Amino acid sequence: MSIDFEIPAEAKAVREKVRQWVHDECIPAQERVTDKASYEKVVAELRAKARAQDLWMPFVPKEYGGMGLGPLANALVQMELGESYLGALSMNSQGPDDATILTLIAHGTEFQKEKFLKPLLNGEKRVCYSMTEKASGADATGMRTTAVKDGNENYILNGEKWFSSAASVADLALVMARTDTEGPRHQQFSTFIVELPNPGYKIKRDIETMAMEGPLSHIVGGGHSEIEIKDLVVPAENIVGGEGKGFDMGQHRLAYGRLRHGMHNIAMAQRALDLAAAHITKRETFGKKLDERQAVQFMMAECASQLYISRLMLLHIAYKAEKGMDMRQENSIAKVYLAHMVHHVVDTAIQLHGALGYSRDTPLAAWYTHIRSQRLVDGPDEVHRWTVGRNVIKAFKANGTTAGACGGDLL
Ligand SMILES: Cc1cc2nc3c(=O)[nH]c(=O)nc-3n(C[C@H](O)[C@H](O)[C@H](O)COP(=O)(O)OP(=O)(O)OC[C@H]3O[C@@H](n4cnc5c(N)ncnc54)[C@H](O)[C@@H]3O)c2cc1C
């Protein structure tokens, strides 16, 4: 018996094709984007070209016009796309649209697929996701936005949302709201498709965050909006997955999301460590190069260890995902670990660069401000740790050992 870490040849081939696409087309195209009009023109040109080469929606099944890649191959491709901010956009693989495309494929009605999914698949529309409110985030069951049935035709929504990413460039919004107050807690909420712009869904502002933004950030959809929902009329046929199913529809996205974010984190951390290595091999203090100092070597060693652990975690998750195995425990462990890993490695690279690391002359400062959100989005650290810890105790009570909850089935 052997443990096989080999990436399949087809996955390597598609990764290579996408790598070339990003280097030959997306990175040079960035130069041509100076404002909204040029951005739209460049994205349209790239998309036409990408689609002609079958580089279109790597994660979407072939019958829906995508490339039909499995979790591992898709994650490898996403990592390449992360090299350019036009990468994912060029192949219609950008977040947060990607997650909703998967939701509509899995849970949409024929009507919803025809009316809402089709334009998303064709790259003609964009969609955002509005669940979080000022009133509730990690525990979304505290949501206050309500949806009340008005006859058989419509629901009327009232409330507020915030941190809806890309809302200001979206043509559609997936909005979660309470449809029931009596039933079990997780069955009181439903998801609605809202067509934008809409007088009942008013974007009050794009929230300023700690993340460093460039002049094009909001044109591309990098903003996070605060929204007022007032007497918003939504046709009953726009409810996704049925009434009360708002919380039941996320599981199928688990591997997709984790592998995608995880790969991005690894790519960023690797680049940060390379920048650190390039710097310490040149910089001299107190008569010696920094790379000759054991304290500095230890810092590099810690980063290398964390990167290695992260890569192994992702490979294991990809393996479980490819085989359709339950990976919720590993997923939560990796979610927290990878977010801390990238934070630690970028922070170390900044430290070793000294004031240069704190400046905007390297990309490190911008990365640092962006990745802080990783410990909050998709469930904050503490909520995942809470679940992981409970599973550890549960495993011990069931089996007399915690091994089953700590990757014990690996060895
Ligand atoms: C960059 C970014 C993009 C986002 N995009 C979207 C989007 O597109 N759509 C959307 O709907 N939402 C989005 N969000 C919101 C995100 O999902 C929430 O921020 C997240 O769920 C946490 O909710 P909260 O901010 O209300 O924190 P809270 O729920 O108020 O929690 C605050 C803190 O309390 C602690 N905590 C919470 N629960 C527990 C517990 N059980 N045990 C111990 N400690 C706990 C944690 O430290 C947590 O960080 C985005 C957020 C960010 C930062």
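All views below show a predicted model.

View 1. Val-346 is shown with its contacts, leaving aside neighbours within four places in sequence. Val-346 meets Met-268, Ala-269 and Ala-272, and also Leu-364, Trp-367, Tyr-368 and Ile-371.

**View 2. The shell around the ligand.** The ligand is surrounded by 19 residues. Thr-132, Gly-137, Ala-138, Pro-380 and Glu-382 are the closest. By class, the shell has 10 nonpolar, seven polar and two charged residues. Strand S1 (127-130), strand S3 (154-165) and helix H13 (381-399) each supply at least two shell residues. Domain 2 (127-240) and domain 3 (251-410) each contribute at least three.

**View 3. The domains of the chain.** The domain assignment gives domain 1 (9-94), domain 2 (127-240) and domain 3 (251-410). The C-alpha centres of domain 1 and domain 2 are 28 Å apart.

**View 4. Helix H9 and its packing partners.** H9 covers residues 294-322, 29 residues in total. From its first C-alpha to its last it reaches 42 Å, close to the 42 Å expected at 1.5 Å a residue. Its buried residues are Val-296, Met-299, Cys-303, Gln-306, Leu-307, Ser-310, Met-313, Leu-314, Ile-317, Ala-318 and Ala-321. These buried residues pack against helix H3 (71-81), helix H8 (254-280) and helix H10 (328-353). Gly-324 follows H9 and has a positive phi, near 70°.

**View 5. Thr-281 in its loop.** Thr-281 sits in the loop between H8 and strand S9 (284-285). Thr-281 counts as exposed because it has 11 C-beta neighbours inside 10 Å, and the cut-off for exposed is 12 or fewer. Not counting residues up to four places away in sequence, Thr-281 touches Lys-289 and Asp-291. Lys-397 is 116 residues from Thr-281 along the chain, and the C-alpha atoms of the two are separated by 51 Å.

Note on methods: Residues numbered from 1 in each chain as written. Predicted model: local features only at pLDDT ≥ 70, side-chain atom pairs only at ≥ 80, totals over all residues. Near = placed C-beta within 6 Å. Helix = DSSP H or I, 4+ residues; strand = E, 2+ residues; numbered from the N terminus. Nonpolar A, V, L, I, M, F, W, Y, C, P; charged D, E, K, R; others polar. Domains from an automatic or database assignment. Expected span 1.5 Å × (residues − 1). Buried ≥ 20, exposed ≤ 12 C-beta atoms within 10 Å, placed from the backbone. Contact = placed C-beta atoms within 7 Å.
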